[in-house]
Amino acid sequence: MKKIGLAVDYSNICKDYNTSYLDRDNLDPATKKCMKQVLTWTKAFIEELLEHFEYKLYKLSSDTSVKVDDLAAKRFLFYSLEKEITLESLIAHNEYKEYNSLGAWEAEDNDSILIQNEEDGGSIRFFFNENSGVGKWIEESLKDFSLDEVTFEAIR
């Protein structure tokens with residue numbers, strides 16, 4: 001099954017900030033306000049997704065579930081000029097399955113979702129099977145956003 005990806009650029013959620021990107025260490029009031037809007041939206045969207053599909057969040061190779069607050073966090077979502085960003089991949093699914101690589105997840109034919117941050121800290125990415133129920137739900141839920149199609153990369 002082919003994996004497809006959609007990126008939600010944070011400019012869909014907030015446009016009123018005074019920097020070229022949302023630096024999580026920036027103390028500018030407009031930037032802080034915008035980051036709060038992105039954090040609030042991300043938390044609500046992920047919670048709705050998890051509830052709708054009865055999913056939990058997992059790391060690729062750990063059966064300990066990840067809290068939504070760990071995903072909807074500055075460290076996960078935004079770049080830092082001082083600390084940069086740690087690229088992370090989380091799996092949303094109704095049961096834990098260990099993957100030793102992103103390629104192993106890609107080879108699976110299930111309705112899980114791979115959620116990733118990106119190196120510039122400007123968007124959150126969702127990967128899923130083409131024509132899957134979860135993919136259709138994401139596309140419908142984000143129909144008012146301008147979404148970027150992104151190619152899945154098994155090496156990160």
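## A residue pair in the sheet

Alanine 7 stands opposite aspartate 148, a residue of strand S7. S7 pairs with S1 in the antiparallel sense. Four bridges join S1 and S7. The model described here is predicted.

H5 also meets the sheet. This helix packs on it and touches S1, S5 and S6. The direction of H5 makes about 145° with that of S6.

## The sheet as a whole

Seven strands form an open sheet. Their order is S3-S2-S4-S5-S6-S1-S7. The pairing is antiparallel. In general, strands of a sheet pair through backbone hydrogen bonds, either parallel or antiparallel.

Two strands lie at the edges: S3, residues 62-66, and S7, residues 147-150. Each of these edge strands pairs on one side only. From one strand to the next, the twist averages 30°.

## Buried residues of H5

Which residues of H5 are buried? They are Val134, Gly135, Trp137 and Ile138. These residues sit on the same side of H5, because they cover an arc of only 160° around the axis.

## H1 against H5

Helix H1 spans residues 29-53, and helix H5 spans residues 133-141. The two helices pack at an angle of about 145°. Their axes are 12 Å apart. The crossing of H1 and H5 is right-handed.

From H1, the contact uses Phe45, Glu48, Leu49, His52 and Phe53. From H5, it uses Gly133, Val134, Trp137, Ile138 and Ser141. By type, the residues of this contact divide into six nonpolar, three polar and one charged. Val134, Trp137 and Ile138 take part in the contact with H1, and they are also among the buried residues of H5.

## Lysine 2, ahead of S1

Lysine 2 is found in the segment before S1. Is lysine 2 buried or exposed? Its relative accessibility is 52%, so lysine 2 counts as exposed; the cut-off for exposed is over 50%.

Lysine 2 still has contacts beyond its sequence neighbours. Leaving out residues up to four places away in sequence, lysine 2 touches Phe128, Asn129 and Glu130. Arginine 75 lies 73 residues from lysine 2 along the chain. The C-alpha atoms of lysine 2 and arginine 75 are separated by 30 Å.

Definitions and conventions. Residues numbered from 1 in each chain as written. Predicted model: local features only at pLDDT ≥ 70, side-chain atom pairs only at ≥ 80, totals over all residues. Heavy atoms only, no water. Axes fitted to C-alpha atoms, helices over the stretch in contact; angles between N-to-C directions. Left-handed = near helix turned anticlockwise from the far one by under 90°. Contact = heavy atoms within 4.5 Å. Nonpolar A, V, L, I, M, F, W, Y, C, P; charged D, E, K, R; others polar. Buried < 20%, exposed > 50% of the residue type's maximum accessible area, 1.4 Å probe, protein only. Arc of directions from axis to C-beta. Pairing = 2+ DSSP bridges.
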